[in-house]
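Look at the charged side chains in the structure below. The text that follows goes through the salt bridges one at a time.

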Amino acid sequence: MILVNTDYINGKELEMLGLVKGSTIQSKNVGKDITQGFKTLVGGELKGYTEMMNEARALATKRMVEEAEKLGADAVVNIRYASAAVMQGAAEVMAYGTAVKFR
């Protein structure tokens, strides 16, 4: 499966199959939340949340690819990511794009 953030793939003629998406809502445990809260007092990267968001993007991408495979897609083009806080310490991540088949 080819994944790109452009609306084309060089050398390929594409047949659009439709929008595909994958999403997840992730949170860290209370202990991590507390330690990350203390980190905001001194500044710097919140590594626990960075890891959480990386895991969430990977899972959302995997789910998007699974949806594209069900449509018989060869690739997903124009991939985008969106995220939003759904509650304190929890975030939704969505990956979406257009599933395509090579002609």
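**Salt bridges in the model**

R103 and E13 are both exposed. In this predicted model, their side chains form a salt bridge, with an N to O distance of 3.4 Å. R103 belongs to the segment after β4 (90-102), while E13 sits in the loop between β1 (2-3) and β2 (14-27), so the contact ties together parts that are 90 residues apart in sequence.

How many salt bridges are there by the distance rule? The count is three, and a pair is included when a side-chain nitrogen of Lys or Arg lies within 4 Å of a carboxyl oxygen of Asp or Glu.

Another of these pairs is E67 with K21, whose side chains meet at 3.7 Å, N to O. Here too, distant parts of the chain are linked: E67 is in helix α2 (residues 47-70) and K21 is in strand β2, 46 residues apart. Why does E67 count as partly exposed? Its relative accessibility is 26%, and the partly exposed class covers values between the 20% limit for buried and the 50% limit for exposed. K21 is partly exposed as well, because its relative accessible area is 40%.

The remaining pair is E66 and K62, with a salt bridge at 2.9 Å, N to O. E66 and K62 are four residues apart in helix α2, so about one helical turn separates them. E66 has a relative accessibility of 35% and therefore counts as partly exposed. For K62 the relative accessible area is 47%, which means that K62 is also partly exposed.

Technical notes: Residues numbered from 1 in each chain as written. Predicted model: local features only at pLDDT ≥ 70, side-chain atom pairs only at ≥ 80, totals over all residues. Heavy atoms only, no water. Helix = DSSP H or I, 4+ residues; strand = E, 2+ residues; numbered from the N terminus. Buried < 20%, exposed > 50% of the residue type's maximum accessible area, 1.4 Å probe, protein only.
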